[in-house]
Amino acid sequence: MSLVQQSNASNSSGGGSGNLYDVLELILDRGLVIDAFIRVSLVGIEILKIDVRVVVASVDTYLRFAEACNRLDLESGRKAPAQLTDIVGDTMESGAKGKSKGALTGAVEAFTDSFQSGRDDSDDDKEKEKRPARKTSASSSSRRTAQRREE
Amino acid sequence: MPTYIYAITAADHPLRLDGLSGVGEPAADLRTVKTRDLGAVVSDTPADLRAKRRDLVAHQSVLERLMADGAALPMRFGLVGPDDEQVRAALDQGKDSYTARLAELDGRLEYNLKVSREEESLLREILTQSAEARRLSEYTRENPGAQNEKMALGELVSQEIQARQEAMAKDVAQTLASAAERVSEGEPTKTHFLNVSFLVRRDEAAAFSQAVHEEAERRGEDYAFSLNGPLPPYSFV
């Protein structure tokens, strides 16, 4: 289980950045407006309003998923598919704890979390090949697009 | 000078603003605008106001303070009226609606929950359960040049991911809805298949939080739950 609970009350004066980031969309996109009044320009803010469905249904994404599946197949060898889950569990538990598990998590994050992409550059994880780099440029360009739309 | 508006409250809200300051650099002084029935927390609007980090924190901090002392309608960041007089006029004009919403939200808080699942665990599940995905994956691994099959695999997996994420999102939201009063679904993000806000009674907050813990535990370690709150009820105004 993984649960992170942020209590804002304790955080409001210092303003933990993770916390603020998590509620950014609420502060910027929800909340009450008065019709006759205006909103200040939000130029410079990255509102990450990418339509997730469009991102998922793209050639790039298809290829990425296909390659990820190929890799999973390799890792699990020729074992029966029904046992896949067990094998993963074993690998993750018996592997050298810090390093291999960290690498696995890092790679997954590079696929799924565009906000983390910058941090992965220092990882010398050979298995990742060029994937994170490509991901980074793809996501930052779509972020720029989103930003332009806001302007 | 234009008037920046933070929140609308009932006239009897204490509006305890000591130690807080408004948006802008240097920070604007906070003040209140009152009518017979309602109050608003406002400040001058800095000339070059942007949604900078410190401004967002200032906005959020005011709302959190107000929330601690009673019901308040949080304004969206960056809302600006022409002057205090017109804010007062807007309060009068919207009096019935604002008063009703304040009553609805009295003693209630927002909790925002985002849930993600490790992509790899989802891919494994799909490969395990879909014979076609398995077949295509094996084929393309052995024939790396088979672009059509690769695309077919990617498309199939992508559809499976979407369907499964939607089902998971619905399932988690429904499970937790019973512990909350209202639910407001936000857009999923690239990372999170579920992004949802709950309106929870203050005296039921502990039980709600417990329900989220239990759901996170039930889902297991492939899932990451991120619960934020209590928050001003941004999603329920």
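This passage walks through chain A and then chain B of a predicted model.

The chain has 151 residues, of which 17% count as buried. Sequence separation gives another view of the chain: when contacts between residues at least 6 apart in sequence are considered, 35% of them join residues at least 24 apart.

Chain B can be approached through its domains. The domain assignment divides the chain into domain 1, covering residues 3–106, and domain 2, covering residues 109–236. The C-alpha centres of these two domains of chain B are 35 Å apart. Contact between them involves six residues of domain 1 of chain B and four residues of domain 2 of chain B. On the domain 1 side, α1 (53–69) and β4 (72–74) of chain B each contribute at least two of the touching residues. The largest share belongs to α1(B), which provides three residues. In terms of residue class, this side of domain 1 of chain B has five nonpolar residues, no polar ones and one charged one.

Helix α2 of chain B, spanning residues 84–93, shows how burial can be arranged around a helix. Which residues of this helix are buried? They are B:Val87, B:Ala90 and B:Leu91. Viewed down the axis of α2(B), the buried residues fall within an arc of 100°, so they line one face of the helix.

Two packed helices are described by the angle between their axes and the distance between the axes. For α5 (residues 131–142) and α6 (residues 147–177) of chain B, the axes come within 9 Å and cross at roughly 145°. The crossing of α5(B) and α6(B) is left-handed. On the α5(B) side, the contact is made by B:Glu132, B:Ala133, B:Leu136, B:Ser137, B:Tyr139 and B:Thr140. Their partners on α6(B) are B:Glu149, B:Lys150, B:Ala152, B:Leu153, B:Leu156, B:Val157 and B:Glu160. Sorted by class, the residues in this contact between α5(B) and α6(B) are seven nonpolar, two polar and four charged.

How values were computed: Residues are numbered from 1 along each chain as its sequence is written. Chains are lettered from A and ligands numbered from 1 in the order in which they are written. This is a predicted model: local features need pLDDT of at least 70, side-chain atom pairs count only at pLDDT 80 or more; totals for chains, interfaces and linings use all residues. Axes are lines fitted to C-alpha atoms, for helices over the stretch in contact, and angles run from 0 to 180 degrees between N-to-C directions. Helices (H or I, at least four residues) and strands (E, at least two) are DSSP runs, numbered from the N terminus. A crossing is left-handed if the near helix is turned anticlockwise from the far one by less than a right angle, and right-handed if clockwise. Two residues are in contact if their C-beta atoms, placed from the backbone, lie within 7 Å. Ala, Val, Leu, Ile, Met, Phe, Trp, Tyr, Cys and Pro count as nonpolar, Asp, Glu, Lys and Arg as charged, and the others, Gly among them, as polar. A residue is buried if 20 or more other C-beta atoms lie within 10 Å of its own, exposed if 12 or fewer, and partly exposed in between; C-beta atoms are placed from the backbone. The arc is that of the directions from the helix axis to the C-beta atoms. Domain bounds come from an automatic or database domain assignment.
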